[in-house]
Amino acid sequence: MQWAALSSPPAPAAPAAVWMGRRARTARLPSPGPRRVVLAAAASSSSPSPDANSSSNSNSPGSGGGGEEVEEEREDAARMEKAAAFLMRSQKYAMLKQQLAVAAQFEDYKEAARLRDSLKSFEEEEPVLRLRRSLKKAVEEERFEDAAKYRDELKILAPHALLKCSSDATTLGIRVQVRSVYIESRSQPLKGQFFFAYRIRITNNSQRPVQLLRRHWIVTDANGRTENIWGVGVVGEQPVIFPRTGFEYSSACPLNTPNGRMEGDFEMKHIDKAGSSTFNVAIAPFSLSILGDDNDDVLL
């Protein structure tokens, strides 16, 4: 996976301006060559072979030991099948959105109208979006038993779907807010390339000035493949953030699947006292999703 900054898009201006608000005051390109370590998703290992006694017990009448294992395997296979189906539908959705953007750009409005209707139909019928709507309504109406059922179904269909495309966490008075968005103009669904931008606001609500030294990201795609990324500072800077002030910047993450998640931390230190030890500030998990979420909040 390669990372890119938003400041040098090869394609026409992305729609990120809608959510990015005013221009970030950190317009520089990210520092080159962050150190990367790719961790393949851990494959499930088979259970150890039972000994002779346990084997004979599992085959005895009424034990049900072997049957439970078979049932678990069937459930795992069903979950994997549903997740794969959602992945394929997400790719189709991304292709429709890109085709709509192209049709509108070339003023093929008849085709654009057809694609718009196809997208609307997809959004009405997509199980994940339908479950999201049902979950939200159940919570609003305090039907919590139904809400729990919809949540569990979402976990099976699309584990990342329960995450918002934003997060908010505070560590030792340092608040980190994040918002992600899918960038259609820089994505190529047919090649399995999906481009997400994100904007971060760091606010120092403590009584001491801090300096951001390093960043660490954990990026997970829809297939469970995880990549750890470390780098010095952010967007080429190691900003000092004084009490009751903040720092904002924008960056981007290409992904090989239409859905995924990010989380991580910033390494910081207090600079008002010599020899202060460093500490980690959490970046809470947030979703990378072409489907977005129901949260209309943006970072201005």
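Residues 125-160 are 81% helix and 0% strand, with 19 Å between the end C-alpha atoms. This is a predicted model. In an unreviewed entry, UniProt places "domain: UVR" at residues 90-125 and 125-160.

**The annotated spans**

- The span 90-125 is 92% helix and 0% strand. Its end C-alpha atoms lie 13 Å apart.
- Helix H4 covers residues 109-125 and holds Arg 116. Arg 116 counts as partly exposed because its relative accessibility is 48%, and exposed would need over 50%.
- Arg 116 and Ala 101 sit 15 residues apart along the chain. Their C-alpha atoms are separated by 9.8 Å.
- Helix H5 takes in residues 127-140 and helix H6 residues 144-157, with a loop between them that holds Glu 142.

**A negative patch on the surface**

- Six glutamates gather in a surface patch of negative charge: Glu 68, Glu 69, Glu 71, Glu 72, Glu 73 and Glu 75.
- One of them, Glu 73, is found in helix H3, which runs over residues 65-105.
- Glu 73 has a relative accessible area of 55%, so this residue is exposed.
- A patch residue must have over 30% relative accessible area and no salt bridge. The 55% of Glu 73 therefore passes the area cut-off.

**Salt bridges**

- The model has 13 salt bridges, counted with a cut-off of 4 Å between side-chain nitrogen and carboxyl oxygen.
- Glu 141 pairs with Arg 143, and their closest N and O atoms are 2.8 Å apart.
- Both partners are partly exposed: Glu 141 has a relative accessible area of 44%, and Arg 143 has 26%.
- This pair belongs to a network of salt bridges that links Glu 141, Arg 143 and Asp 146.
- Arg 151 and Asp 152 meet through their side chains in a salt bridge of 3.2 Å, N to O.
- Asp 152 is partly exposed at 35% relative accessible area. Arg 151 is also partly exposed, at 35%.
- Arg 261 forms a salt bridge with Glu 263, with the closest N and O atoms 2.9 Å apart.
- Arg 261 has 23% relative accessibility, and Glu 263 has 22%.

**Loop residues with positive phi**

- Most residues other than glycine have a negative phi.
- Glu 142 has a positive phi, near 60°, and is not a glycine.
- Glu 142 lies in the loop between helix H5 and helix H6. Its relative accessible area is 60%, so Glu 142 is exposed.
- Leu 172 also has a positive phi, near 50°, in a residue other than glycine.
- Leu 172 lies in the loop between strand E2 (166-171) and strand E3 (174-182).
- Leu 172 counts as exposed because its relative accessibility is 59%, and the cut-off for exposed is over 50%.

Conventions: Residues numbered from 1 in each chain as written. Predicted model: local features only at pLDDT ≥ 70, side-chain atom pairs only at ≥ 80, totals over all residues. Heavy atoms only, no water. UniProt positions renumbered as here; feature names shortened; annotations may be inferred. Helix = DSSP H or I, 4+ residues; strand = E, 2+ residues; numbered from the N terminus. Patch = residues over 30% accessible without salt bridge, like charges linked within 9 Å, V, L, I, M, F, W, Y side chains within 5 Å. Areas by Shrake-Rupley, 256 points an atom, 1.4 Å probe, with all protein chains shown as cover. Lys, Arg positive; Asp, Glu negative; His and termini not counted. Charge placed at Lys NZ, Arg CZ, Asp CG, Glu CD. Buried < 20%, exposed > 50% of the residue type's maximum accessible area, 1.4 Å probe, protein only.
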